[in-house]
Amino acid sequence: MKTLLILPPEENRRLIPRLGIMYISSFLKSNGLDVSILDCKALDFSFRDKNSYKIINNSIWCPIDWSRLEREISKIKPDIVGISAMTNDINNAHEVAKIVKRLNKKIPVIIGGVHATCMPKETLEEFPYFDILVRGEGEEIMAEIVETLERGRQIKDINGILFRSNGQILQTPVRSELKELDKLPFPDYDGVPLEIYTQFIKKTNYLDNIDATGFYLSSRGCPYHCTFCASIKVHGHKLRERSVGNVIQELKQYTKKYGTKMFWFWDDTLTVNKKRVLSLCEELIKEKLDLTISCYARVNTIDEELIRRMKQAGFRYIYYGIETGSEKVLKDIRKDITLSQAREAVKLSSKYGLYTTAGFMIGHPTDTKESIEQTIKFANDLIPLGLRLAAFWVAIPLPGTEMFEQVKNRLRTFNWPEYFYQDCNMPQAKPVFAPEGIGYTELIEYQRRAYREFRYEFVKNKILSFDILYILGVLGRRIKRVWNNLFIS
Ligand code: B12
Ligand code: SF4
């Protein structure tokens, strides 16, 4: 039987590979199953009319051509379809399911991914064209579903799923996360159009001007309890790590096959286990892989020894989730860090020459005008300590998170595509939630101001400190961007 894994199309085309579906694909292949991936984001199922494209904030926005997608799926003739979705693309995932059922209503449609995991029953209730829902990590479960369907058996004995039976939604016991990540085959990079992602990343300079084209996961799970985080719902609180040998083996294989030397480590927070990161660094140095690496980290998990070693091993970019400039709000969102740890982390990383970036959120449930002002000020105060770039996200209470439960009754909408970043560069940006006493437009205005002030303070700081390297860097990037726009179509 032929299984087709589909990544639904989006009006906002950010062409970044989805590791989840690539892991599932390689797992099915390693079990001898016939599987392929249809990455609708990369393959562009939008209308071909160039005038309908817009690039807003480094993303391409364009309407979807559903009938072309229908023709493509009918050419593939799948027997089983699996669809992956985050919250913001669950509606489009359902449109894909409708198409599949229109082509042949006997094809079982399986939905997986973070939204399905966070709202299992609600998802099957809201979206009637999904037949089976997979909770959590899908490699083993999907393989079991496909094998069971191939043998014509009942799926009711598979743990970790919800399914329909005689008009009812039934669920089987929850399954624990995968224990031995080293046993998983490496993600199926051959199954996705890597060259399209690479071109997109180069053209838009997406990911904060970082041209990383290899995406990587060396661990899953996170021991922390931030109230806004949905990741822990899928991957759990137990930090599960791949062995250093396994990580190096994949990196070597990847660089040899695809020539990439720049990697983004997508581990929720790579630096939780210092000892392991130190030995990863030792191996990277020993193997002379000469990589450029970016990663997410928490400000309370780094120290001088770690940062020094990371820099020597090829780490160049580090992103800290600082979230707010208010100690009170930090406590409310259970971030488990302090502002002084944030200052120290930025200072240390920049001391060792890491390109240091930080993310903040505006519009936490307990944010006030005063705490938002504190956030803007705190980000600016980090500039002299070495902060290079700040992102100011408008907070989204994501389904399944503690934050969602706290403000469920005050959300503006349950229209899931709007659970996407709302940005002051977008014409109709309107957050799904605003804290008491602050309007939606006011939040967007705060975001605009935060970016404007950060840019202003940053340039002021560079000019006052006669940072010639910075000025040459800006010129270089401008030239590169113009060059890419001219020659990469
Ligand atoms: C890297 C990353 C990004 C990158 C790349 C995104 C990408 N294309 O993957 C960037 C920076 C671009 C990004 C952007 C956004 N992200 Co993001 N991101 C992540 C991060 C840190 C890792 C993703 C990853 O590779 N995971 C590892 C893989 C193995 O896990 P997985 O994708 O969940 O897949 C497993 C299961 O879900 C399941 N599964 C998945 N699909 C399917 C399909 C089937 C059929 C089955 C059976 C099972 C199944 O099995 C998989 C393998 O075990 C996650 C957190 C996390 N750890 O997952 C957040 C996360 C996915 N992002 C999140 C969000 C909100 C966003 C944004 C909306 C943020 C914003 N404010 O704009 C955008 C949306 C972008 C988009 N439209 O693609 C949320 C999603 C929550 C939700 N309910 O949707 C997460 C969980 C973080 C959080 N805040 O809690 N993100
Ligand atoms: S540290 Fe990151 S991954 Fe861990 S709970 Fe907080 S936001 Fe989620």
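**Ligands, domains and sheets**

Reply: This is a predicted model. Around ligand 1 there are 41 residues, and Gly20, Gly82, Ser84, Gly112 and Gly138 come nearest. Two or more residues of this shell come from each of helix 1 (19–30), strand 6 (80–84), strand 7, helix 5 (114–118), helix 7 (139–150) and helix 10 (231–235). Helix 1 gives the most, with 5 residues.

Me: Why is ligand 1 said to lie between domain 1 and domain 2?

Reply: Look at who supplies the shell. Domain 1 (2–171) gives residues to it, and domain 2 (193–461) does too, so ligand 1 lies between them.

Me: What is the make-up of the shell around ligand 1 by class?

Reply: It has 23 nonpolar, 12 polar and 6 charged residues. Gly counts as polar in this scheme.

Me: What makes a residue part of the shell around ligand 2, and which residues are they?

Reply: The test is a C-beta atom, placed from the backbone, within 6 Å of the molecule. For ligand 2 the shell holds Cys222, Tyr224, His225, Cys226, Cys229, Ser231, Ile232, Asp268, Thr269, Arg298 and Gly321. They divide into 5 nonpolar, 4 polar and 2 charged. Cys and Tyr count as nonpolar, Asp and Arg as charged.

Me: How do you know that domain 1 and domain 2 touch?

Reply: Contact requires C-beta atoms within 7 Å. By that test, 23 residues of domain 1 are in contact with 24 residues of domain 2. On the domain 1 side, helix 2 (40–43), strand 4 (54–56), helix 4 (90–103) and helix 5 each supply at least two residues. Helix 5 has the largest share, 4 residues. By class, this side of domain 1 has 12 nonpolar, 8 polar and 3 charged residues. The centres of the two domains, taken over C-alpha atoms, are 27 Å apart.

Me: Why is strand 7 called covered on both faces?

Reply: In a regular strand the side chains alternate between the two faces of the sheet. Val109 and Ile111 are on one side of strand 7, Ile110 and Gly112 on the other. Buried means 20 or more other C-beta atoms within 10 Å. All four named residues are buried, and both faces are covered.

Me: What makes the sheet of 6 strands an open, parallel one, and which strands are its edges?

Reply: The order is 11-14-15-16-17-18, with parallel pairing. Strand 11 (214–216) and strand 18 (387–394) each pair on one side only, which leaves them as the edge strands. The twist averages 20° from one strand to the next. Strand 17 (residues 355–362) is joined to strand 18 by 7 bridges, running parallel. Ala358 stands opposite Ala390 in strand 18.

Note on methods. Residues numbered from 1 in each chain as written. Chains lettered and ligands numbered in written order. Predicted model: local features only at pLDDT ≥ 70, side-chain atom pairs only at ≥ 80, totals over all residues. Domains from an automatic or database assignment. Contact = placed C-beta atoms within 7 Å. Buried ≥ 20, exposed ≤ 12 C-beta atoms within 10 Å, placed from the backbone. Pairing = 2+ DSSP bridges. Axes fitted to C-alpha atoms, helices over the stretch in contact; angles between N-to-C directions.
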